[in-house]
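Welcome! Here is a friendly tour of a protein chain, starting with its overall build and moving on to a handful of residues.

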Amino acid sequence: MIESLSYLPHPTLPGDELAGHFTDLAPPLTARQAAIESARCLYCYDAPCSRICPSEIDVASFIRNIHDKNINGAAAGILKQNILGGSCARVCPTEILCEDVCVRNHDFEAQPVKIGLLQRYAVDHAHFASHPFKRAAATGKTIAIVGAGPAGLSCAHRLAMLGHDVVIFEKEDKAGGLNEYGIAKYKLTDDFAQKEVAFLLDIGGIDIRCRQVLGENLQLRELHARYDAVFLGLGLGASRKLGLTGEDAPGLLAAVDYIAALRQADDLASLPVPKRAIVIGAGNTAIDMAVQIQRLGAEEVTLVYRRGFDAMTATHHEQDIAKANQVRMLTWAQPQQVLLDAGGKVAGMRFEKTRMEGTRLMGTGETFEVAAETIFKAIGQSLANDTLHDPMAALLQRDGDKIAVDAGFRTVLPGIYAGGDCVAPGQDLTVQAVQHGKLAALAIHHDLISKVEAA
Ligand SMILES: Cc1cc2nc3c(=O)[nH]c(=O)nc-3n(C[C@H](O)[C@H](O)[C@H](O)COP(=O)(O)OP(=O)(O)OC[C@H]3O[C@@H](n4cnc5c(N)ncnc54)[C@H](O)[C@@H]3O)c2cc1C
Ligand code: SF4
């Protein structure tokens, strides 16, 4: 936890400069830029950008609407498929999705249409007199959702559209999940996560109850008995361990814990910032952590990964962001020992060089040390097992360390559904969680209506 870093100094940069380091990484388009960019779109038939979108947004149509100055039409088209289209426009790795397959992304132009920024333009500039979606006639059914992250919120909104009432039980003080507590601050600025939640709730019929924790003051068995269906959008609440002695020493913590504190800080100058930091990992969380601690004022930030650049899950675009922010990236090295000072606090880490032997990653025996006051672990998240320990939750079938579901996001327990990062299918991306929530809502609706018709 970040309290364990209280002995570290605070940022020395002037307040304005510090705040400036956390404004939009990619500035929004002006009206003129949006007009020029939308004119570059070829409105392809059977457009590859639309086919690859995990939330099935009709990209070509919304860009056409922007070009025709029908901004409300463009936004409604996006939000119909993806009610969190505003945050997805900001956080989606478009470089490996729609913009990667855009037909203008070829060798000569090498410049896809800026789909993410156009999507942001449409959603940010739409002016709806009231919430753009209406609720169907009330069904009299109430569905419980656990977790107010992108999966839970998307599921709730679609269920409300279909005429159901929804109660969301959320562990934290605020809704939004990782949009509120995890995404890099320079990707979602200006309290956007809360603004988006407020917009979504405008549909009506959704009641969010915070500080309600499944596994503590809530049990799955009770929810199952009390509600017509239950959707679990729990995310992945536990940080993986390095398995080294000294893992609990002051100065070593999970990157997600620091990022949550950073996102919630009213005053960035109050955060503890080491002079030298090590980040262990190879995904977007590792890159986000390294870049943010550098922007807070750390002088030497070293990201270490046990394999090569090509095996990193962070995209090339994210790796470029790290390089542009003077993050030193060391590959082919694995943590061997946490180095502590005389007071038992982190002083650095010893790494062992690695290499591949056939398909196996091996230590070479050669070691080196990196000095640092803080080590951030970004080696992945897993399902928090204490959440699912009541007798009913224990019956949920697992797929690896996630919850197993079918194509309709039904778990093995009738009436209980799950989606987002806590289930096996797909990548752990915001857009994927939104799609899971939407599809689960359709399955819940189908199952409830079929039951009524059969009765
Ligand atoms: C640091 C970081 C950066 C990321 N950056 C990006 C990015 O740039 N782009 C991108 O597309 N994806 C990114 N992701 C992934 C993305 O944030 C997730 O895929 C997405 O948030 C998953 O949504 P979810 O609703 O499944 O889970 P979450 O967003 O984790 O939401 C789960 C919710 O359930 C609540 N909850 C958990 N347990 C309980 C319980 N027992 N009782 C009640 N409530 C509970 C949590 O408090 C939370 O609100 C990032 C992830 C991390 C960790
Ligand atoms: S692939 Fe590119 S050019 Fe074609 S419709 Fe999509 S954004 Fe437009």
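## Contacts and overall build

Among the contacts in the chain with a separation of 6 or more, 70% are between residues 24 or more positions apart; a contact means heavy atoms within 4.5 Å. Please keep in mind that this is a predicted model, where local features need pLDDT of at least 70, side-chain atom pairs count only at pLDDT 80 or more, and totals for chains, interfaces and linings use all residues. Residues are numbered from 1 along each chain as its sequence is written, chains are lettered from A and ligands numbered from 1 in the order in which they are written, and side-chain values use heavy atoms, with hydrogens and water left out.

The chain holds 16 helices and 17 strands. These are DSSP runs, with helices (H or I) of at least four residues and strands (E) of at least two, numbered from the N terminus. The chain is as compact as a globular protein of its length, because its radius of gyration of 23 Å is close to the 23 Å that the globule rule gives for 455 residues. That radius is taken over C-alpha atoms, and the rule is 2.2 Å times the number of residues to the power 0.38. Along the principal axes, the C-alpha atoms fill a box of roughly 70 × 60 × 50 Å.

## Surface and charge

How much of the chain counts as buried? The figure is 52% of the 455 residues, where buried means under 20% relative accessible area, exposed over 50%, and partly exposed in between (1.4 Å probe, protein chains only). The accessible surface comes to about 20,100 Å², and 51% of that belongs to carbon and sulfur atoms. Such areas come from the Shrake-Rupley method with a 1.4 Å probe; for residues, only the protein chains shown count as cover.

The chain carries 44 positive and 54 negative charges, and their mean positions are 2 Å apart. Lys and Arg count as positive and Asp and Glu as negative, while His and the chain ends are not counted. Each charge is placed at NZ of Lys, CZ of Arg, CG of Asp or CD of Glu.

Let's visit E56, in the loop between α3 (48-52) and α4 (59-67). E56 counts as partly exposed because its relative accessibility is 46%. Which residues does E56 touch, leaving aside its neighbours within four places in sequence? They are Q81, Q435 and K438.

E56 and Q435 lie 379 residues apart along the chain, yet their C-alpha atoms are separated by 8.3 Å. Their side chains are joined by a polar contact of 2.8 Å. A polar contact is a pair of N or O atoms within 3.5 Å; within protein, one must be able to donate a hydrogen and the other to accept it, and residues adjacent in sequence count only if both atoms are side-chain atoms.

## Two buried residues

Q219 sits in the loop between β3 (206-209) and α12 (220-226). With 14% relative accessibility, Q219 counts as buried. Beyond its neighbours within four places in sequence, Q219 is in contact with L214 and D390.

D447 belongs to helix α16 (residues 430-454) and is buried, at a relative accessible area of 19%. The side chains of D447 and H446 make a polar contact of 3.1 Å.

## Two positive phi angles

Most residues other than glycine have a negative phi. D191, which is not a glycine, has a positive phi of about 55 degrees. D191 is found in the loop between α10 (178-181) and α11 (192-201).

Q326 also has a positive phi, near 60 degrees. Q326 lies in the loop between α15 (316-324) and β9 (328-330) and is exposed, with a relative accessible area of 58%.
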